[in-house]
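Colleague: I am new to this structure and would like to go through some of its features. Could you take my questions in turn?

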Amino acid sequence: MEEINKFFTTKNSIQSISESESNQTADYLEVIKAFSRITYMSVYVIDYQKQNFEYVSDNPLFLCDHTPQEVETMGYAFYFRHVKKEDLELLLKINEVGFDFYENLPVEDRKLYTISYDFHLINENKNAVLINHKLTPLFLSSEGKIWKAMCLVSLSHNHQSGNISIVKQGTDEIWNYDLSESKWIKDEKIKLSEREVEILRLYAQGLTINEIAEKIFVTGDTVKFHRRKLFDKMGVNNITEAMSYATSYKLI
């Protein structure tokens with residue numbers, strides 16, 4: 001219990017919820033459950049008042065051989081059991097700097113922000129799997145604190161843990177956290193050309209390089225040229241990683 005308390009400070013702990021705040025949540029879990037049925041990602045709902053998981057969807061890829069109910073019961077103890085030690089320290093750091101960031105936002109804007117980060121889970125075969133968490137507020141308390149949040153878990157397209165960023169819905173704003181400098185750095189999402197978006201969409205349809213070339217009336221070498229530019233922009237090594245990056249940041 002003492003270890004789990006490391007995740008909770010006065011910034012992300014809520015002591016009580018009013019009746020009007022509680023009424024916000026009527027039947028909302030039914031929507032979450034419906035969403036979990038149509039996505040390959042694992043869905044968590046975190047309750048910062050009760051300091052546990054209110055809901056965990058059924059996805060064996062991210063549950064380390066546990067049932068959703070077992071993970072719900074474990075709550076944050078799941079991380080202490082299945083996250084690499086060095087990455088556990090990273091999660092504590094992300095928890096701290098993430099809530100510091102949210103505390104400095106206007107209350108009316110806080111639901112528009114999503115934090116993303118990568119860390120390793122140790123699965124049932126003792127293998128380290130790099131996963132991505134995207135966490136966004138669901139409900140706020142009257143003081144503007146995050147009361148409940150939804151977390152989407154997927155395989156990461158990166159090659160190492162960290163990669164901490166925060167994006168604001170409806171804008172090109174992105175903040176990347178520099179662990180070595182211990183500070184947030186504001187940037188903008190990368191911008192793709194119409195041709196790059198077109199090629200990504202055709203790749204998403206399962207077309208080969210030659211089929212894409214025929215479709216857009218260029219040579220296969222031209223498709224490869226645009227693909228290489230895409231990889232350089234995104235900092236990825238192959239088309240699978242590029243597709244993951246593009247969908248993650250809503251570029252297509």
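Colleague: In helix H6 (residues 194-204), what separates Arg195 and Glu198?

Modeller: This is a predicted model. The side chains of Arg195 and Glu198 meet in a salt bridge, 2.9 Å from N to O. The two are 3 residues apart in H6, so their separation is about one helical turn.

Colleague: Is Arg195 buried, partly exposed or exposed?

Modeller: Buried would need under 20% relative accessible area, and exposed over 50%. Arg195 has 29% relative accessibility, so Arg195 counts as partly exposed.

Colleague: Which residues do salt bridges that share partners join into one network?

Modeller: The count of salt bridges comes to 11. Those that share partners make one network of Asp47, Glu54 and Lys148.

Colleague: Where are Lys11 and Asp100, which form a salt bridge?

Modeller: The closest N and O atoms of Lys11 and Asp100 are 2.3 Å apart. The pair links distant parts of the chain, 89 residues apart. Lys11 is in the segment before H1, and Asp100 is in helix H5 (residues 85-103).

Colleague: Are the rings of Phe8 and Tyr76 stacked or edge-to-face?

Modeller: The structure holds 21 aromatic pairs. For Phe8 and Tyr76, the ring centres are 5.1 Å apart and the planes stand at 75°. Planes over 60 degrees apart count as edge-to-face. The pair of Phe8 and Tyr76 is therefore edge-to-face.

Colleague: Which parts of the chain does that pair link?

Modeller: Phe8 and Tyr76 are 68 residues apart, and the pair links distant parts of the chain. Phe8 is in the segment before helix H1 (19-22), and Tyr76 is in the loop between H3 and helix H4 (77-82).

Colleague: Is Asn59 buried or exposed?

Modeller: Asn59 is in the loop between strand S2 (52-56) and helix H3 (68-74). Beyond its neighbours within four places in sequence, Asn59 is in contact with Tyr40, Met41 and Ser42. Its relative accessibility is 10%, so Asn59 counts as buried.

Colleague: Which element gives the largest share of the lining of the largest pocket?

Modeller: The largest pocket holds about 1,200 Å³ of space. Its lining has 43 residues, with Ser116, Lys134, Tyr245, Ser248 and Tyr249 nearest the centre. The elements that give two or more residues include strand S3 (113-122), strand S4 (128-140) and helix H9 (239-248). The largest share, 6 residues, comes from H9.

Methods:
Residues are numbered from 1 along each chain as its sequence is written. This is a predicted model: local features need pLDDT of at least 70, side-chain atom pairs count only at pLDDT 80 or more; totals for chains, interfaces and linings use all residues. Side-chain values use heavy atoms; hydrogens and water are left out. Helices (H or I, at least four residues) and strands (E, at least two) are DSSP runs, numbered from the N terminus. Buried means under 20% relative accessible area, exposed over 50%, partly exposed in between (1.4 Å probe, protein chains only). Contact means heavy atoms within 4.5 Å. Rings of Phe, Tyr and Trp (its six-membered ring) pair if their centres lie within 6.5 Å; planes under 30 degrees apart count as stacked, over 60 as edge-to-face and the rest as tilted. On a 1 Å grid over the protein atoms alone, a cavity is a set of points where a 1.4 Å probe fits but cannot get out, and a pocket is an open set with protein on both sides within 12 Å along at least five of seven lines; lining residues have an atom within 4 Å of a point. Grid points are joined across faces, edges and corners, and a volume is the space filled by probe spheres set on the points. A salt bridge is a side-chain nitrogen of Lys or Arg within 4 Å of a carboxyl oxygen of Asp or Glu.
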